Amino acid sequence: MSLVRLNIKGISYSQTQNGAYALILNEVDGERKLPIVIGAFEAQSIAIALEKEIKPPRPLTHDLFKSFASRFDIIVKQVIIHKLVDGVFYSSIICERDKIEEIIDARTSDAIALALRFNAPIFTYKNILDKAGIYLSMSKKEDDENEVEAILQEEVTVDDNDEGGNVNYSHLSLEELNNLLGEAVRDEDYETAAKIRDEISKREKL
């Protein structure tokens with residue numbers, strides 16, 4: 001499968017979904033855009049990396065990883081968005097140390113935040129771009145915002161394990177919530193477990 005190189009076109013905030021951002025990637029030799037819904041923290045980290053003049057007072061998580069990797073002579077060579085399953089992107093970070101390459105699984109937003117810090121190229125496969133790429137007009141800000149808002153509403157493509165759109169548990173029964181809570185704890189997904197627990201507590205107070 002052929003690889004297509006991507007550049008970061010920008011990040012847009014949803015006016016209707018609290019905490020939801022769309023990261024827009026642009027194919028280098030084409031007009032298609034690849035929109036990915038990401039969380040607020042990851043959006044902030046990517047935005048800071050894009051704005052070279054901005055230096056946070058203390059290192060962010062991705063800055064810490066960069067310092068750690070540099071200390072041990074690890075470089076990030078490239079990032080590949082290699083899979084799209086049920087609307088979720090999966091990515092790999094290609095690293096090298098002592099001329100030995102390693103492939104590390106990563107959330108797409110984390111992988112891109114690191115690629116920016118290492119000046120590493122970002123790629124995806126042509127079949128993924130054929131499936132999820134769109135022609136997004138960036139000429140007018142209003143049109144751009146409307147297009148991005150539609151993407152965020154559909155939640156077609158999201159970052160792996162990210163909370164681009166907040167999960168709504170209100171339609172689930174208590175039994176279903178408790179089952180989900182048990183699964184989240186078993187998977188050690190404590191952030192999701194906390195949200196489900198909050199919803200259960202809210203119901204029990206009614």
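Residues are numbered from 1 along each chain as its sequence is written, and side-chain values use heavy atoms, with hydrogens and water left out. Because the model is predicted, local features need pLDDT of at least 70 and side-chain atom pairs count only at pLDDT 80 or more, while totals for chains, interfaces and linings use all residues.

Leu34 belongs to strand β3, which covers residues 32–38; strands are DSSP runs of E with at least two residues, numbered from the N terminus. Setting aside residues up to four places away in sequence, the contacts of Leu34 include Leu6, Ile81, Phe89 and Leu129; contact means heavy atoms within 4.5 Å. Leu129 is 95 residues from Leu34 along the chain, and their C-alpha atoms are 6.9 Å apart.

Rings of Phe, Tyr and Trp (its six-membered ring) pair if their centres lie within 6.5 Å; planes under 30 degrees apart are stacked, over 60 edge-to-face and the rest tilted. One aromatic pair is counted by this rule. Phe68 and Phe72 have ring centres 5.0 Å apart and planes at 45°, so the pair is tilted. Phe68 is exposed at 51% relative accessibility, and Phe72 is partly exposed at 41%.

Two lysines are listed below with a charge over a ring (NZ of Lys or CZ of Arg within 6 Å of the ring centre and within 35 degrees of the ring normal).

| Charged residue | Ring | Distance to ring centre |
|---|---|---|
| Lys66 | Phe118 | 5.1 Å |
| Lys83 | Tyr90 | 4.7 Å |

Technical notes. Helix = DSSP H or I, 4+ residues; strand = E, 2+ residues; numbered from the N terminus. Buried < 20%, exposed > 50% of the residue type's maximum accessible area, 1.4 Å probe, protein only.
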